[in-house]
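Here is a friendly briefing to read alongside the model. Have the viewer open as you go through the points below.

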Amino acid sequence: MNYGVLRALRGVSHIEDYPVLYSGLANYKSWNTEHHIETGAVERLRRVYNESSNVVEYDDLGKGSVRTGGDRNTQRVRRVVSEISKSSAPVHQCQLMYCLTSAKKPRTVLELGTCLGISAGYIGLALQNTETGRLYSIEGADILAQIARETIDQLHLSNTQIRTGSFQSVLPDLLPQIEPIDFVFIDGHHEGDAMTGYFELIEPFLAPDCMVLFDDLSWSRDMRSAWNRIKVHPRIRHSVDLVTVGIGLMR
Ligand SMILES: C[S@@+](CC[C@H](N)C(=O)[O-])C[C@H]1O[C@@H](n2cnc3c(N)ncnc32)[C@H](O)[C@@H]1O
């Protein structure tokens with residue numbers, strides 16, 4: 001459990017007016033052995049990636065991650081898997097997503113930024129438990145998408161589909177083909193205008209009451225000001241600022 005998140009949550013007013021958020025957070029606060037067992041397989045894979053000295057080469061579309069201090073220009077990169085693994089959402093954040101997904105019971109989930117499939121693994125496991133929906137996760141780097149598919153296979157998740165390509169190229173084809181989206185995790189391309197652009201692109205496809213998580217708000221001033229613009233969007237009914245992650249609840 002992350003006490004920073006809990007401290008931030010204490011400042012959220014009228015949280016009881018948002019039952020799904022309330023129950024997801026209550027679940028998170030009481031994270032227990034059963035939850036650990038349910039998600040243990042993902043953490044075992046994370047440990048394997050954390051220790052892997054394999055080197056992979058790909059076009060980095062992503063402007064890095066605040067967790068690794070990554071690159072700010074798109075370029076061909078060679079990276080050790082153990083380094084890439086550090087850009088995965090940390091355990092406490094994955095646990096939070098697991099609890100929110102379990103409470104929300106979404107039918108359709110969209111993730112922008114799969115990387116090695118760690119956060120996708122948590123979301124997929126929550127969906128499997130609630131027997132509710134499907135996750136579509138997009139990754140621009142072929143080799144990372146390939147590793148993420150292996151992650152998903154090892155977790156025996158038949159509800160998770162990884163699409164390879166840039167968000168810009170995959171979304172226009174994918175969005176009209178899927179059911180209205182109930183839950184979104186935006187965790188790639190950490191530039192304010194890009195994040196706002198992806199939000200505007202997906203917004204017409206979001207179901208009423210959709211929950212959208214925006215990651216890496218502390219990456220830059222630009223990301224923070226993009227969040228400040230997004231949270232006053234007319235379709236956002238309520239927003240919660242957890243410092244690095246922002247949660248938007250749609251109307
Ligand atoms: C921070 S990592 C995602 C971590 C993952 N959500 C997790 O927690 O396990 C961001 C990923 O987004 C991908 N990415 C960034 N910008 C992209 C873009 N414009 N199109 C497609 N993929 C992109 C990067 O290649 C990178 O693997």
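A residue is called buried if 20 or more other C-beta atoms lie within 10 Å of its own, exposed if 12 or fewer, and partly exposed in between, with C-beta atoms placed from the backbone. This is a predicted model, in which local features need pLDDT of at least 70 and side-chain atom pairs count only at pLDDT 80 or more, while totals for chains, interfaces and linings use all residues. Numbering starts from 1 along each chain as its sequence is written.

**A loop residue**
- Asn-159 has 17 C-beta neighbours inside 10 Å and therefore counts as partly exposed.
- Asn-159 sits in the loop between α7 (142-154) and β5 (160-164); helices (H or I, at least four residues) and strands (E, at least two) are DSSP runs, numbered from the N terminus.
- Beyond four places in sequence, the contacts of Asn-159 include Gly-124, Leu-127 and Arg-134, a contact being two C-beta atoms, placed from the backbone, within 7 Å.
- From Asn-159 to Val-240 there are 81 residues in sequence and 28 Å in space, C-alpha to C-alpha.

**The core**
- The largest nonpolar core has 65 residues, and Ala-148 is among those touching the most other members; such a core is a set of buried Ala, Val, Leu, Ile, Met, Phe, Trp, Tyr and Cys residues joined through C-beta atoms within 7 Å.

**A helix pair**
- Residues of α2 that meet α5 include Val-20 and Tyr-28, with Leu-96 and Lys-104 among their partners in α5.
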